[in-house]
Amino acid sequence: MDENQPLTRPDAPQRGNARLYLAAFSAVLGNLNFGYSLVYPSPVIPQLQRGDDPRLRMDTQEISWFGSIFTLGAAAGGLAAMLLNDRVGRKASIMMAAVPSAVGYLVMAAAQNVWMLLLGRFLTGIAGGMSASSIPVYVSEISHPKVRGTLGSCPQLTAVFGSLALYALGLVLPWRWLAVAGEVPVIVMVFLLCFMPNSPRFLVTHGRREEACRALQWLRGPEYMSELLRIEHSVNKQGRVSWAELGQPFYYKPILISVGMRFLQQMTGVTPILVYLEPIFHQTQITLEPRYDAALVAAVRLVSVVIAASLMDKAGRRALLFTSGFLMFLSMLSMTMYTHTPRSHHGNTSSSPLLQWREGPPQLTTTFDPMTTTFDPITLIPLISTMVVIFGYAMGWGPITWLLMSEVLPLGARGIASGVCVGVSWITAFVLTQLFMPVVEAYGLFVPFLFFCVVCVVNIIFTGVCVPETKGRSLEEIENYFRTGRSFTITDSFSAT
């Protein structure tokens, strides 16, 4: 490049963010499919238990596997993405996730036995793990600081929209057609991504400077050269990470923060709550029909993520995490007290079984029929508490955990570390989702909600002690922050300007 050539031209036209938004939208369609797949059992379990095909009826243990095996596949997908992200690129990894997703939904749509349902769930879980590991990194790396917080919320936003779509379609479609509908976002995602650029940072890292120039020009317009030089400077400072280098604060601090946040995110219990949402509402004996309650909760979740996206670059990450943790604590405490308190007029929800089967064909039932029981306002407490749980989670610990992972992880270890984060997250989710049903059957809903309540307190403490404020900072500035080697304190955060 000519040394006399200016990095920017005053008369050059500025390009808006339309293409950046299109690229981000194309990628986060994978998260829409992920959100759809995650909660697939919620409306499907009651349909299967009421169905007339004995080969597809499940006992409590099989239902636990149907709900949890997705997270086991997601852990495997996260480990696969750990290798693919740095070898074939973020965009290619996202596109490759479409294969197990499409096959998994096809298997479930044609299922004739329980093992086919479990196989389909496992394959869609692999796709979800690959997407969860790749999409936040891709969106973060193609974004500029002014919109990175908002766009960083988009993976969570579209995942929530996918869950809402599943609950809404579950009101009108049989379970096989729900599986067929899951193929649609995958096809659209692959088609759109064929025309989108790869991550400029990935291209620079692999010595493909000309492609990086074209990608940045497509995303930013002619005013891209200064950003390219910053990326090159950042990449040149980081080579491949050795095991010895992982002992340096620059590497281990952001990795531990990311892993800790993903672990605590799942320990709040949001995954088993979403997966078993309708059975939980059957158990708590709400006056309204559980399937409509589930759709209402999904709608509240969507609204809260939209609010969080609008506040992400204004209020900051830490403020939203504190608010999120406090709201979840209050609502989990309310659920704990409600499920532990005997109510003689409709039974004790702390000890009644989650699933019962009448004589003859097995089906999901409760001792409470909302159509024949007088409305009792107190039965709305579980619905309102669950709405607040989901609202609080979607305001902070849902989207910000994904965003911070893509912001703070050092480039040299980003692909591997993000895969480890996703693996830890989904192994934790698998254990919780697998144990949730047996624990509820043995002890009632009181025990798991008390545990989740305690975890919310831990999350608040972790936010204050460990999480830095990254609002308004470029990825290069965040890297320099960790290079200083300073220890985190309660007041240790960036001063956003």
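These legends go with a set of close-up views of a predicted model.

The model is a prediction, so local features need pLDDT of at least 70 and side-chain atom pairs count only at pLDDT 80 or more, while totals for chains, interfaces and linings use all residues. Residues are numbered from 1 along each chain as its sequence is written, and side-chain values use heavy atoms, with hydrogens and water left out.

**View 1. The protein is built from 23 helices and zero strands.** Helices (H or I, at least four residues) and strands (E, at least two) are DSSP runs, numbered from the N terminus. Buried residues make up 60% of the 497 residues; buried means under 20% relative accessible area, exposed over 50%, and partly exposed in between (1.4 Å probe, protein chains only).

**View 2. Helix α18 packs against helix α22.** Here residues 317-340 (α18) meet residues 446-466 (α22) at about 160 degrees, axes 8 Å apart. Axes are lines fitted to C-alpha atoms over the stretch in contact, and angles run from 0 to 180 degrees between N-to-C directions. That makes the two helices roughly antiparallel (angles over 145 degrees). On the residue side, their contact divides into 16 nonpolar, six polar and one charged. Ala, Val, Leu, Ile, Met, Phe, Trp, Tyr, Cys and Pro count as nonpolar, Asp, Glu, Lys and Arg as charged, and the others, Gly among them, as polar.

**View 3. Two cysteines, and zero disulfides in the whole structure.** A disulfide here is a pair of cysteine sulfur atoms within 2.5 Å. Cysteine 213 counts as buried because its relative accessibility is 9%. Cysteine 466, at 22%, counts as partly exposed.

Terms used: Parallel < 35°, antiparallel > 145°, perpendicular 65-115°, else oblique.
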